Amino acid sequence: MGAYVVRRLFFSLFVLWGAVTIIFVVLRLVPGDPAYIMLGPDADQAQVAALRAQLGLDQSLIQQYATYLANVVHLDFGESFRLNADSMSLVLQRVPATIQLATTALLLSLLIGLPLGVIAALRAHSWVDRAISVFSLMGQSTPSFWLGIVLILVFARGLKVLPSAGSGSWAHLVLPTITLALPFLAILVRLTRSGLLEVVHEGYVHTARAKGLGEGIVVLVHAMRNALIPIVTVVGLQFGALLGGTVIVETVFAWPGVGRLLIDSIGRRDYGVVQASILLVATIFVLINLLVDLLYGFLDPRVRLAGD
Amino acid sequence: MALLSVRDLRVEFATSGGVVTAVDGASFDVGAGETVALLGESGSGKSVTAQAVMGIVPKPAGRIPSGSISYDSKDLLAPGVAKGLRGREIAMVFQDPLSSLNPVFRVGAQIGEMFRRHRGASRREARAAALDLMKRVGIPAASKRLDDYPHQFSGGMRQRVMIAMALALSPRLLIADEPTTALDVTVQAQIMDLLTRLQAEEGMSLVLITHDLGVVAGVADRVILMYAGRVVETGPLREVYEHSGHPYTSGLMASIPALEGPRDRLVPIQGSPPDLLDLPSGCSFRPRCQYADEQCAEVEPVLRQLPDRASTHQAACHHPEGVLTDVH
Ligand SMILES: Nc1ncnc2c1ncn2[C@@H]1O[C@H](COP(=O)(O)OP(=O)(O)OP(=O)(O)O)[C@@H](O)[C@H]1O
Ligand code: SF4
Ligand SMILES: [Mg+2]
């Protein structure tokens, strides 16, 4: 078990290194020089050159990368070009808002997705199952930006029952949460349905019935506990997509989270903030995956013992 | 008055190929404290019969359109009745103990669940009761193994766990569906010994579903032979063995040299098992029967007493005389 955890941690560090490296390369591949963008179209060559030197952009890419990595290790992403503040601090300020949104979306998905999946599996091939399937298919294929705009039009502009943008109250959280949750919820429904259908014909489910247990216990305890093993794995992986979704949802709803900061910063080539955001999001993702791995071991004793 | 009485039981499954009649008018009795062997080739409907008695025929594919099952004068097919008796009065042990135990729960908890859910026992009481049962079914170092998971046990030990679970609430009827088929030969005898010992101790009835005639020889009072969802012969073990009144039975028996001899499996009789979606008219054994004639093609034989034999010995064949004289 100890060796396994060490190996897992090492791999996580590797993933983080990959993320910061890719974003470094990508930022320098996309056209647009931050010095130009910051100074505006009126700046002359000398001003641009001076700023480039100040930002270290005149060095070779290798040199820049070495400096960058050294700084990353110290979580030092430099000043934001745009906001004149420490990049990491800027990002960290935005983290609670994103976590809040992601958590409510996750909870909503679990609260609705799991029961819907169970119902669909128990009523497999009935009209209820079909209706749920259609719902989840639509949920999976509806683009978030479109759904977000439709929800704003209906509930904010039309019915005027919820605010269209911004933050500050629970009401502000409703529409972004629904928008962010829907695709994830839809996947959860399908996973739960198929996961449960896969185990309902297993011998131990028959045994549970033969033991005279109630159908609720048979399905929700004996079958579901086994079905959860693959569900948890995929949920962990899909959580990355949910984090990615925050970028769009936060932009549509002007939610003051990391995602919106990231989009703004990319537009302005605010390297420091972009890199800090990516590292942070990647770290959250890696942590979630670690958690899922531990949970997996907890859910499946066969894995737990094999790791010993 | 029999403890369990099955009459004209029919069980159908809706499949993609059409409706399969897995059990087609089966009738039999099991007396209190009796050991009855349910024999038959693969697909003859033994397991489905057991499922019907337990009230666990897979839904929605399966249904019971007609017939009756009564247990202790209660109608097991009436809504909710089987559910109330399952686990408490009627228990079951399955063929493959690995897939029949839940892989994610500790065996102690799986046994203890019987006491917790049926008797409202506390966690500690259930644990103590599970430990007693594990000792009783002969699991060594039971107190240490209480918290192990099924995959940490050997096949034989897993089946002991299954048996412990089935016996938890002292049922009066135990159905064991090929309890030794998935096990090593050396372990098979131990599990059979355990089952017969426990049956004697508990005084319960035992329905033993099996392929293995050797298993049956030692323990069963009576045998019931099934073919294509029907009971084709039934009677006291020795009686049926020595004077089989159905060609199917005599085909099966022909493979064993002596009742107490070396163990033997049912060798398939010549010809292939019937296609349940396309059964022949009249007697379903007809395509494989050397005695078949026109009557066999037209009239479906019913169970009746054999000439010159005890009333408890019955076969569903138009020409039992031929069978009786030919073989012996
Ligand atoms: N859930 C099901 N759905 C459809 N058909 C089924 C189902 N269960 C059983 N059957 C069919 O019913 C018939 C009888 O099956 P059953 O399992 O009772 O046979 P068996 O005598 O126990 O055989 P075996 O010795 O192989 O266990 C088979 O032809 C099988 O295909
Ligand atoms: S009824 Fe006819 S076909 Fe069927 S077993 Fe008897 S002799 Fe053979
Ligand atoms: Mg079977």
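I began with the shell around ligand 2, whose residues divide into 9 nonpolar, 3 polar and 1 charged. I keep in mind that this is a predicted model.

**Entry 1: the ligand.** Which residues come nearest to ligand 2? Of the 13 residues around ligand 2, I found that C283(B), C289(B), C296(B), C317(B) and H318(B) hold that place. Next I asked where ligand 2 sits. I found ligand 2 in the largest cavity.

**Entry 2: the cavity search.** I noted the general idea before counting. A probe the size of a water molecule, rolled over the atoms, shows where empty space is left. How many cavities of 30 Å³ or more does the whole structure have? The search finds 3.

**Entry 3: the largest cavity.** I wrote down a volume of about 80 Å³ for the largest cavity. Its lining has 13 residues. Nearest the centre of the largest cavity lie P247(B), C283(B), C289(B), C296(B) and C317(B). I then sorted the lining of the largest cavity by type and got 9 nonpolar, 3 polar and 1 charged.

**Entry 4: the second largest cavity.** Here I noted a volume of about 60 Å³. Which residues line the second largest cavity? From chain A I listed T207(A), A210(A) and K211(A). From chain B I listed G87(B), A91(B), M92(B), M114(B), M162(B), M165(B) and A166(B). By type, the lining of the second largest cavity divides into 7 nonpolar, 2 polar and 1 charged.

I also looked up which elements take part. At least two lining residues each come from α9 (203–210) of chain A, and from β6 (90–93) and α7 (155–167) of chain B. Which of them gives the largest share of the lining? That is α7(B), with 3 residues.

**Entry 5: strands of chain B.** I turned to strand pairing. Strand β1 (residues 4–15) of chain B pairs with strand β4 (residues 62–71) of chain B. In what sense do β1 and β4 of chain B pair, and over how many bridges? The pairing is antiparallel, over 7 bridges. I picked out R7(B), which stands opposite S68(B) in β4(B).

β4(B) has another entry in my notes. With strand β5 (residues 74–75) of chain B, β4(B) pairs in the antiparallel sense over 2 bridges. Here Y71(B) stands opposite K74(B) in β5(B). β4(B) and β5(B) form a hairpin, with 2 residues between them.

Notes
Residues are numbered from 1 along each chain as its sequence is written. Chains are lettered from A and ligands numbered from 1 in the order in which they are written. This is a predicted model: local features need pLDDT of at least 70, side-chain atom pairs count only at pLDDT 80 or more; totals for chains, interfaces and linings use all residues. Side-chain values use heavy atoms; hydrogens and water are left out. Two strands pair if DSSP finds at least two bridges between them. Helices (H or I, at least four residues) and strands (E, at least two) are DSSP runs, numbered from the N terminus. A residue is near a molecule or strand if one of its heavy atoms lies within 4 Å of it. On a 1 Å grid over the protein atoms alone, a cavity is a set of points where a 1.4 Å probe fits but cannot get out, and a pocket is an open set with protein on both sides within 12 Å along at least five of seven lines; lining residues have an atom within 4 Å of a point. A molecule sits in a cavity or pocket if more than half of its atoms lie within 2 Å of its grid points. Ala, Val, Leu, Ile, Met, Phe, Trp, Tyr, Cys and Pro count as nonpolar, Asp, Glu, Lys and Arg as charged, and the others, Gly among them, as polar. Grid points are joined across faces, edges and corners, and a volume is the space filled by probe spheres set on the points.
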